[in-house]
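Here are my notes on this one, jotted down as I went through it. Have the viewer open while you read.

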Amino acid sequence: MDTRAAMQPTFRVLDAAARPASVDIVIPVLNEERALPGCVRTLVAFLDGGFPLPWRITIVDNGSTDATWPVATALAGEYDRVHARRIDVRGRGAALRAAWRESQADIVAYMDVDLSTDLGALFPLVAAVASGHSEIAIGTRLGRGARIRRSVRREVISRGYNALLRHGFRAGFSDAQCGFKAARARVVRPLMDKVEDDGWFFDTELLLLAEHNGLRVHEVPVDWVEDLDSRVQLVRTAVDDLRGLARVAWAMAAGRARVPVVRPELVPCHPDALPASPRRARSRGERSRGGRLQGGRPQGGRSRAGRPQGERSRAGRPEGERSRAGRPRGGWSRGGWPPGGVFAGSVHVLFSAVLYAMVYWPMRDFQEPATAATCALVLAGTAGAVLSFRTALFFAVNLALTVALLHTLPPQAGRMAEVGVVVAAYCLLMVIRAATSPLTRN
């Protein structure tokens with residue numbers, strides 16, 4: 001057998017029925033007249049050097065006041081596959097929304113103009129989406145295998161923010177804010193209809209909504225070097241992100257974060273396979289949307305143990321009565337709303353917040369703010385939930401956030417400002433914790 005002939009590439013994948021996916025790489029810019037030329041020329045040279053998919057670069061100027069727009073139009077005239085457009089609304093989210101909506105490409109992507117992320121990760125990023133395996137792919141600076149060089153301040157803020165997403169929203173991704181993402185165009189557009197933010201929080205909101213609706217997010221570890229000439233205002237961005245998280249949590253709790261997403265039917269590859277029933281083949285997002293009894297089992301048919309629904313469980317209890325821990329089935333799940341749904345959950349949050357404030361106020365007469373916040377949190381947390389690992393984790397995250405916010409207050413802020421800060425931090429995490437419970441995703 002001639003093995004060389006067997007290794008020769010075929011061109012059947014280039015016919016009209018199986019054409020390669022096209023990619024539109026968006027570069028949002030705001031007052032970047034210095035960085036833009038080097039970015040575009042470097043990116044064009046890289047793509048011309050062997051990028052295997054059809055590509056286009058789109059520069060989006062979102063409200064620049066310097067010479068960024070003339071530079072962008074000059075670059076578009078210099079390169080055939082570079083396009084420039086301008087919008088009047090500032091914000092990275094607004095730029096991506098405008099470009100991704102109008103793009104004719106199969107895959108839409110974006111990267112920061114400073115090229116902090118090494119371009120060697122671009123094809124692995126796009127390939128996960130082009131193959132059909134994932135709907136969204138993101139670069140991660142915090143995943144295993146990533147290499148980064150940045151200041152301690154940005155490292156701490158980034159890790160703290162993403163830890164809040166993982167433990168508060170149970171996010172499966174590790175880095176929400178890395179400026180290096182790709183998505184399937186026809187899937188991401190319905191999600192953008194639900195995304196309200198036009199600034200830096202756009203990325204986080206898009207990813208949270210994607211996972212909430214059962215979409216698959218793929219991560220690629222990247223090499224990343226911080227550019228000191230950055231437009232990111234860390235403190236202001238952090239405050240805006242906290243507000244955005246509260247808004248997204250409330251939307252999830254109220255059922256306004258659902259998006260009609262069409263995914264291919266899950267079928268086995270082997271022609272003689274004996275597939276499981278459809279209820280077992282659901283994604284995490286689909287499982288949380290419904291099709292379950294209050295105890296978490298599929299409606300109708302038989303339970304996991306093979307018993308018809310309504311019969312008795314292994315412990316001799318009728319299904320739907322009490323769980324292993326003694327709580328009613330369908331009651332307050334780990335970190336979720338209490339029985340009664342969103343209204344009862346809101347009452348619980350209000351009660352816990354009032355209790356928190358009532359404890360914190362007198363404690364401040366003889367304790368420092370951080371110590372008083374710790375004592376108030378212990379009492380409110382103990383009264384509000386059954387102690388568990390998740391509660392302990394909630395306690396740790398809440399304490400870290402509260403102490404960090406208290407340190408940002410000036411000494412002359414006063415007692416009322418301190419109470420407002422600690423109660424706001426507590427309510428934010430309580431809403432996030434409850435909104436991401438499976439019982440509230442309906």
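1. Which are the buried residues of H4? They are Arg 92, Gly 93, Ala 94, Ala 95, Leu 96, Arg 97, Ala 98, Ala 99 and Trp 100. Buried here means under 20% relative accessible area with a 1.4 Å probe, protein chains only. Helices are DSSP runs of H or I, at least four residues, and strands are runs of E, at least two, numbered from the N terminus.

2. Before going further: this is a predicted model, where local features need pLDDT of at least 70, side-chain atom pairs count only at pLDDT 80 or more, and totals for chains, interfaces and linings use all residues. Residues are numbered from 1 along each chain as its sequence is written, and side-chain values use heavy atoms, with hydrogens and water left out.

3. H4 spans residues 92-102, and nine of its eleven residues are buried. The cover includes strands E1 (23-29), E2, E3 (82-87) and E4 (107-111), plus helices H7 (185-194) and H8 (202-212).

4. Now look at Asn 62, in strand E2 (residues 55-62). Asn 62 is buried, at 3% relative accessible area. A polar atom of its side chain sits 3.1 Å from the backbone oxygen of Gly 91. Leaving out residues up to four places away in sequence, Asn 62 touches Val 29, Leu 30, Ile 87, Val 89, Arg 90, Gly 91, Arg 92 and Ala 95 (contact: heavy atoms within 4.5 Å).

5. Zooming out, the protein chain has 14 helices and nine strands. Buried residues make up 45% of its 442 residues.

Note on methods. Buried < 20%, exposed > 50% of the residue type's maximum accessible area, 1.4 Å probe, protein only. Polar contact = N/O pair within 3.5 Å; in protein donor to acceptor, adjacent residues only side chain to side chain.
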